[in-house]
Amino acid sequence: MHALIFIKQVPDASQVRVNYETGTLIREGVPAILNPFEAHAVEEAVRLREKIGGKVSVLTMGPPQATDALKECLSMGADNAYLLSDRVFAGSDTLATSYALYEGARKIIELEGDVDLFFAGKQAIDGDTAQTGPGIATRFGIPLITYLIKLDEVNIDKKYAIATRLTEFGQETVKTPLPAFFTVEETLNELSYAPLPWLIKAAQTEIKRLSSENVELDRNQCGLKHSPTKVKKAFTPEKRQRGETLKGTCNDLAKQASEILLPFVK
Amino acid sequence: MIDIGKKDPDKTHYKDIWVFVEQTNGEPQQVSFELLTKARELAEKLNCKIAAVSIGKSVEHIAEEAFKYGADKFYILEDEVFSDYRTEPFRDALSRILIKYKPEIFLIGATTQGRDLSGTVATELKTGLTADTTQQEIDSETGNLMMTRPTFGGSLMATIICPDDRPQMSTVRPGVFKAIPKETPQKGEVIRETVDLKEEDIVKKILKKVVSNEGNINLSFYDVIVAGGKGMGSKENFKMLENLADLLGGTWAGSRKAVELGYVPQSRQVGQTGQTVHPKLYIACGISGAIQHLVGMQSSDIIISVNKDENAPIFDVSTYCIVEDALKFIPKLIDELKQNKKIKTQ
Ligand SMILES: Cc1cc2nc3c(=O)[nH]c(=O)nc-3n(C[C@H](O)[C@H](O)[C@H](O)COP(=O)(O)OP(=O)(O)OC[C@H]3O[C@@H](n4cnc5c(N)ncnc54)[C@H](O)[C@@H]3O)c2cc1C
Ligand SMILES: Nc1ncnc2c1ncn2[C@@H]1O[C@H](COP(=O)(O)O)[C@@H](O)[C@H]1O
């Protein structure tokens, strides 16, 4: 079994604050973290490897600092970590990102062998687009299973998997041939603590570098220039003003509030 | 297998606004009509027509409603293989139709299905896709669609354009726009599409479906939402929020922490990873007001918040701030309202 997980390093969105005077994000001191959804994808793949054997590779496209997120995946038990980093990717939108990751993944297949299961997070918490996974799956022309909450069965010999996903109305269980592409929910599993030998092994594992020098790329599909969407402007949302604070005892407050609510009473 | 055809690279050949009408078992999603309503406003600026497109086992009966909300044409693709949503056949069929008819703008609801579908179709069409837009306008100079969306969990807004590629694609969450029927609806034209696809060609099979009874609550239907957070303390305490909601003719909801603690089902979560709502009245009880919660409710007309902590960020967006223990305050409020109701009806 070979699993490949697309992981992203993101600023911890819950700690990003806005400077309303300048209309910009305050990013100083905001830690960069592994996008929370991918942690669950790594956990799932590693558990599967422990059960049926094989290996787990992780790939990120990003700046050199993104190695931190890759190292975190290694310490969770991933076997190989790849950083795809190059100037040509700067400013990529989701279409260009899925292209870059597709080519990076093809290189990993060339180096490490065929992949049976591809994983991505449901969405990245900085951009929240949830498009990159579906984009890569489409480029590979393999079945896509979004919102994965349970990997019921994986059969590498017979090349199929049974998986449960969330839908608008509940859940559905599907059978898909492998290779297939999964985007995962946080409820897929509970993260576990890695045993010490894995941590030691992770510290010794080198992160492999990919760039336009060793990956074949069509430059006409890379970076800002070849991204169909462009950011025209960015601004901070209009801030609502804090309104009236009601005063008095609990009884007084209930009376005042009930008057405000009276027009709504059915 | 479906041959999706070859996309026309000349952007000047693309015209009209198209909306994907999502349905499950023949039941259309409200968000599709919200998008048709928005499309009317955009079409007026562009002086163009509006088309709806739907794929399923049986969808023709939705035409009437699509026309009511503004579609001039309704393209349908009906076949047994489309009884249940599956990414690959829907992606290929829809891509084929879009390549054939060349809409300038294509809008899809940001539901689980719509998100799954839009990302794959945009990749097939090699065009831009802007997710979860909350505002859409036509740039009067260029005629481009300007799509504004929150990023970084709502801390920042970005206006995105797709200047050179067509169609300009965008998803919108349910409840962001309002669905308003046309005053004088006209009967449109129904156009049937076909594809050559057999069940044997589709590799993914659905083995089992579990419909959860709470699964499809649409919070955006309600004018009043009473929401609770971790501060409500227990699942039982949510009963009082339900009672309050009943009195006000609304419904109840919760923060993500309330969902995680099992007080509220996920289907009733408000916020970045839940539903976006803009009711006339939003009452927040024991909710701190994390940015991911605020993005889902801060455009409500009136916000009343109850929190023990006077510095809770929820107060920064509230019309009325009540610094009090919600567990004491809500029962008192319910009593008051019941009394007032008696006076009102006497
Ligand atoms: C990627 C991501 C996505 C997220 N998406 C969402 C989302 O969609 N929706 C969402 O809501 N959150 C979301 N969150 C979580 C969010 O960051 C907060 O953790 C969450 O909203 C907090 O919920 P809360 O306000 O109920 O709990 P807390 O933040 O713990 O606040 C509880 C509040 O209750 C008050 N309180 C306690 N007891 C009482 C009492 N007796 N009476 C009155 N007040 C009381 C406290 O003062 C406190 O302010 C997301 C987070 C991440 C990282
Ligand atoms: N630069 C990247 N490198 C690796 N994986 C990525 C990258 N961007 C997005 N992904 C993957 O795609 C998922 C969805 O991202 P997004 O489309 O940005 O919401 C993420 O959870 C990651 O698994």
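Student: In which sense do strand β8 and β9 of chain B pair, parallel or antiparallel?

Tutor: Keep in mind that this is a predicted model. For strand pairs, look for bridges first, then for direction. Strand β8 (residues 135-138) and β9 of chain B pair in the antiparallel sense, over 4 bridges.

Student: How many residues lie between the strands in the hairpin of β8(B) and β9(B), and which residue takes a positive phi?

Tutor: There are 6 residues between these two strands. B:G143 takes the positive phi, near 75°.

Student: Which strand do 5 bridges join to β9(B)?

Tutor: That is strand β10 (residues 156-161) of chain B, and the two run antiparallel. Here B:P150 stands opposite B:M157 in β10(B). The hairpin of β9(B) and β10(B) has 4 residues between the strands. In that hairpin, B:F152 takes a positive phi near 50°.

Student: Is strand β9 of chain B mostly covered or mostly open?

Tutor: Count the buried residues. Strand β9 (residues 145-151) of chain B is mostly covered, with 6 of its 7 residues buried.

Student: Now a single residue. Is B:S170 buried or exposed?

Tutor: Relative accessibility decides, and buried means under 20%. B:S170 has 1%, so this serine counts as buried. B:S170 is found in strand β11 (residues 168-172) of chain B.

Student: What does the side chain of B:S170 reach at 3.3 Å?

Tutor: The backbone oxygen of B:T130. A polar contact of 3.2 Å also joins the side chains of B:S170 and B:Q136.

Student: Which residues is B:S170 in contact with, leaving aside neighbours within four places in sequence?

Tutor: B:T130 and B:Q136 are again on the list.

Student: Next, the open sheet. What is the order of its 6 strands?

Tutor: Read from one end to the other. The order is β15(A)-β18(B)-β17(B)-β16(B)-β14(B)-β15(B), with parallel pairing.

Student: Which strands stand at the edges, and why is one side of each left without a neighbour?

Tutor: An edge is found by counting partners. β15 (244-245) of chain A and β15 (251-254) of chain B each have a single partner strand, so one side of each has no neighbour in the sheet. For a pair within the sheet, take strand β17 (residues 302-307) and strand β18 (residues 320-323) of chain B, which run parallel and are joined by 4 bridges. In β18(B), B:Y320 is the bridge partner of B:I304.

Student: Last, the ligand. Which residues come nearest to ligand 2?

Tutor: Start with the shell, then look at atom pairs. Of the 18 residues around ligand 2, the nearest are A:F6, A:E38, A:T129, A:A130 and A:T132. By class, the shell has 8 nonpolar, 7 polar and 3 charged residues.

Student: Which strand gives the most to the shell around ligand 2?

Tutor: β6(A), with 3 residues. β6 (55-61) and β8 (117-121) of chain A each supply at least two residues.

Student: Which polar side-chain atom lies 2.6 Å from an oxygen atom of ligand 2?

Tutor: One of A:T129. Backbone atoms take part as well. A backbone N or O atom of A:A124 lies 2.8 Å from a ligand 2 oxygen atom. For A:I7, a backbone N or O atom lies 3.3 Å from a nitrogen atom of ligand 2. Taken alone, ligand 2 exposes 490 Å², and the protein buries 96% of that.

Terms used. Residues numbered from 1 in each chain as written. Chains lettered and ligands numbered in written order. Predicted model: local features only at pLDDT ≥ 70, side-chain atom pairs only at ≥ 80, totals over all residues. Heavy atoms only, no water. Buried < 20%, exposed > 50% of the residue type's maximum accessible area, 1.4 Å probe, protein only. Polar contact = N/O pair within 3.5 Å; in protein donor to acceptor, adjacent residues only side chain to side chain. Contact = heavy atoms within 4.5 Å. Near = heavy atom within 4 Å. Areas by Shrake-Rupley, 256 points an atom, 1.4 Å probe, with all protein chains shown as cover. Nonpolar A, V, L, I, M, F, W, Y, C, P; charged D, E, K, R; others polar. Pairing = 2+ DSSP bridges.
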